[in-house]
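Hi,

Here is the structure I promised to pass on. Have a look at it first, and then read my notes below.

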Amino acid sequence: QHRHLLELLKRTTVHGESNSALIIGPRGSGKTALLNHVLKDLREMKQVTENLLENPFLSGLLQTNDKVALKEITRQLQLENVVGDKVFGSFAENLAFLLEALRKGNRTSSCPILFVLDEFDLFVHHKNQTLLYNLFDISQSAQTPVTVIGLTCRQDILELLEKRVKSRFSHRQIYLMNSFDFKQYIKIFKKQLSLPAEFPDESFAQKWNNNVQHLSEDKTVQDVLQNLFHHTKDLRSLHLLLMLAVSTVTVHHPLLTAADLQEASRQHRTDSKANIVHGLSVLEICLIIAMKHLNDVYDGEPFNFQMVYNEFQKFIQRKAHSMYNFEKPVVMKAFEHLLQLELVKPLERPSVRAQREYLLMKLLLDSSQIMDALQLYPNCPTDVKQWAASSLSWL
């Protein structure tokens with residue numbers, strides 16, 4: 001992948017060839033790292049340094065429409081003064097003017113430009129895909145040497161492109177995968193934690209690195225790493241785990257232990273949704289339990305507010321001694337709060353006329369999350385806890 005991308009960019013900078021390519025791979029597979037590495041190697045080459053590469057970087061998360069993207073390209077190419085107050089008839093005309101301003105005479109002495117589009121799939125949702133169409137169109141023409149590199153996680157990205165955009169794309173795709181096995185994962189773990197040879201305190205570095213070696217052979221540590229490895233191969237998760245563990249190191253506790261890594265793993269896996277439950281009112285907790293029972297009874301089928309309200313009323317009438325019977329509008333308000341917290345999700349966007357009581361919903365917490373959260377819920381009424389743990393036969 002490195003050789004392929006380096007060759008592609010070399011042809012742009014040295015021979016003035018235009019091109020386009022997509023780097024596709026899951027999050028954390030090293031797409032940005034690969035591109036940065038190639039650019040670093042490229043800038044160190046003798047034949048390239050004479051013909052410096054302009055490198056506008058756009059992100060689909062920040063440049064949310066073509067107007068913003070064009071403004072950002074102008075800023076990064078430092079052409080604000082050249083553009084001034086000029087008015088352009090179209091997007092294409094504006095982009096062509098920017099590229100023309102970078103030309104130094106003929107094609108061979110034109111300044112090569114590399115457009116990097118991070119989160120490429122988000123640019124697909126721009127109106128008429130105008131930005132993509134124009135960039136790919138220029139990368140096919142024989143004017144300024146331009147290469148467009150898109151970075152995306154979506155394997156189906158080509159299916160999202162309009163026909164006219166797809167016809168101008170070179171269809172070069174570079175795939176990245178986290179293909180390492182668990183043995184290599186352990187090696188990465190050791191490499192990330194080990195201190196370098198140039199570390200000023202040699203004796204401490206030796207002790208630390210010996211300790212890291214022992215940790216990598218420890219059964220408890222291997223179990224922690226195995227769990228994370230099976231959950232995600234994204235190395236950023238490993239970095240976060242190690243950061244949490246290393247933050248426990250002090251003068252009095254200079255070396256990491258297996259217990260530190262276990263505790264870091266527990267913090268790493270903390271369930272954010274369960275944490276939200278700890279801050280809910282007792283009424284909201286009751287509604288979540290009612291939804292849990294509906295999920296059990298109807299085997300995960302969607303439910304509506306009216307069904308949840310009926311379930312809550314059954315509980316109030318039969319079992320609750322510590323619970324006050326709230327008016328329906330109050331219960332509705334509590335239910336809407338759960339919607340805002342995204343603990344409950346409507347199956348489809350509600351229309352203006354739709355009766356809110358009958359909109360189909362889905363609970364985004366599973367049974368074990370609810371039960372774990374209830375154990376830690378401060379001063380939870382006993383009736384409510386018993387209701388949550390009750391079997392289907394009681395219903």
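**How the helices pack**

Let me start with a pair of helices: H17 and H21 cross in a left-handed way (left-handed if the near helix is turned anticlockwise from the far one by less than a right angle, right-handed if clockwise). Helices here are DSSP runs of H or I with at least four residues, strands are E runs of at least two, and both are numbered from the N terminus. Before going further, note that this is a predicted model, where local features need pLDDT of at least 70, side-chain atom pairs count only at pLDDT 80 or more, and totals for chains, interfaces and linings use all residues. Residues are numbered from 1 along each chain as its sequence is written, and side-chain values use heavy atoms, with hydrogens and water left out.

Back to that pair: the axes of H17 and H21 come within 9 Å and cross at roughly 15 degrees, so H17 is roughly parallel to H21. Axes are lines fitted to C-alpha atoms, for helices over the stretch in contact, and angles run from 0 to 180 degrees between N-to-C directions. Angles under 35 degrees count as roughly parallel, over 145 as roughly antiparallel, 65 to 115 as roughly perpendicular and the rest as oblique. On the H17 side, the contact (heavy atoms within 4.5 Å) involves Val 282, Ile 285, Cys 286, Ile 289, Ala 290, Lys 292 and His 293, while H21 brings Val 384, Trp 387 and Ala 388.

A second pair is H11 (residues 182-193) and H13 (residues 219-231), whose axes come within 11 Å and cross at roughly 115 degrees. That makes H11 roughly perpendicular to H13, and their crossing is right-handed. From H11, Phe 182, Tyr 185, Ile 186 and Phe 189 meet a set of H13 residues that includes Val 221, Leu 225 and Phe 229.

H13 also holds Val 224, which is buried at 9% relative accessibility. Buried means under 20% relative accessible area, exposed over 50%, and partly exposed in between (1.4 Å probe, protein chains only). Leaving out residues up to four places away in sequence, Val 224 touches Leu 241, Leu 261, Gln 262 and Ser 265.

**The cores**

Which residues have the most contacts inside the largest nonpolar core? They are Leu 287 and Met 291, in a core of 38 residues. A nonpolar core is a set of buried Ala, Val, Leu, Ile, Met, Phe, Trp, Tyr and Cys residues joined through side-chain atoms within 4.5 Å. Among the elements that each supply at least two residues of this core are H18 (305-318), H19 (328-340) and strand E7 (361-363). H17 gives the most, with nine residues. Beyond its neighbours within four places in sequence, Met 291 is in contact with Phe 303, Val 308, Phe 335, Leu 338, Val 344 and Leu 363. There is also a second, separate core of 32 residues, including Leu 58 and Ile 113.

**Loop and cysteines**

Asn 128 sits in the loop between H7 (120-123) and H8 (130-140), with phi near 60 degrees, a positive value in a residue other than glycine. Gln 129 is in the loop between H7 and H8 too, and its phi is near 50 degrees. Asn 128 is partly exposed at 45%, whereas Gln 129 is buried at 4%.

As for disulfides (pairs of cysteine sulfur atoms within 2.5 Å), the whole structure has zero. Cys 153 is partly exposed at 23%, and Cys 286 is buried at 0%.
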